[in-house]
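Dear colleague,

I am passing this structure on to you, and below it you will find notes on what turned up in it. Please read them with the model open beside you.

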Amino acid sequence: MSSIPGTHLVHPGSLITVDSLTVDEVARILALTDHLEALAYAEKSKLLAGRRIALLFYESSTRTRTSFELAAKSLGAVTTLVSDKSSSIEKGESLKDTGLTLRALGAECIILRHNSSGAPFVLARATGLPVLNAGDGMHQHPSQALLDLRTMLHRLDLAEKPVNAETLRGITVTITGDIRHSRVARSNAMLLPRLGARVILCGPPELLPEEAVSLGEGIEISRDFDAALSRSQVAMMLRIQTERLAGLALDKAQYIADYQLTEERLATHAPNAVVMHPGPMIRGLEIQGEVADCLQSAIEEQVTNGLAIRAALLVRALGVTF
Ligand code: CP
């Protein structure tokens, strides 16, 4: 049973928040991802042959949109993209009416990115279709947390271990930067401790309020990046979301001095840690370009894992068994 009120009112193939997933379901999604990746092209491309999937994007995206679209196409599905910039959304059409229109056109699943937290619930309830949350406001980005988990398991040599509450025991993940506005931080902080990880949220008070610790068990807050790094097996960096700062003043030079992941900092405090970033990244702000490109960086693997995880989420959404 889900712990989220109202979750039972949405199609069970939906994925809107990470906390609607049990650890067993996470394990099944990871196993399905492995299974799909091992399939031959001819077999894989029949799984969703002719099924209609709509991508509905109210915010810009490179990785999430492209990987969902390519994943759907690799499974044989037909996709259509509706963007707020070039559709009747610009004329004031509501989310509900846009969803009902896509359903009337035969869409069987909608992938939604929206600037309002909770919008995927509204769409799922209005249409009855499986809805995959591709990021809603500052709330959740569940497919990102799953692809991040898969990347960590592979990089930390844990991919062969059973996925359960002990899989990440002994692993500390430090997530640094603009936690306040980050749906990626929220989803990871809610998922990783359920597999045994310790999560340190790190940043200045403007970007990391003390209340963030209430996201769940296994989470702590640190203002000291070097100390947090020295305890970490994974260093996940986040972009400062200037589009959501809304008047919040930030001294960028001080931020860089205190929180930028530099080659020197990494070598001194976490010479073996896996470096991650969900993207888009701003080289020279939260991360030095040399760090993004170094051998410790798993940033491109995260993107590639996005394709694999999202294929599994589409198969799950449409209830295909094979
Ligand atoms: N990580 C992520 O959501 O990237 P995009 O905004 O490019 O989709």
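**Cavity and ligand site**

The largest cavity is lined by Arg 63, Thr 64, Ser 67, Gln 144, Leu 147, His 277, Pro 278, Ile 299, Gln 302, Val 303, Gly 306 and Arg 310 (on a 1 Å grid over the protein atoms alone, a cavity is a set of points where a 1.4 Å probe fits but cannot get out, and lining residues have an atom within 4 Å of a point). Its volume is about 70 Å³, taken as the space filled by probe spheres set on the points, with grid points joined across faces, edges and corners.

This is a predicted model, in which local features need pLDDT of at least 70 and side-chain atom pairs count only at 80 or more, while totals for chains, interfaces and linings use all residues. Residues are numbered from 1 along each chain as its sequence is written, and side-chain values use heavy atoms, with hydrogens and water left out.

Among the polar contacts (pairs of N or O atoms within 3.5 Å), a backbone N or O atom of Thr 62 lies 2.8 Å from a ligand oxygen atom, whereas a side-chain N or O atom of Gln 144 is 3.0 Å from a ligand nitrogen atom.

With best regards

Technical notes. Polar contact = N/O pair within 3.5 Å; in protein donor to acceptor, adjacent residues only side chain to side chain. 1 Å grid on protein atoms, 1.4 Å probe; cavity = no way out; pocket = protein on both sides within 12 Å on 5 of 7 lines; lining within 4 Å.
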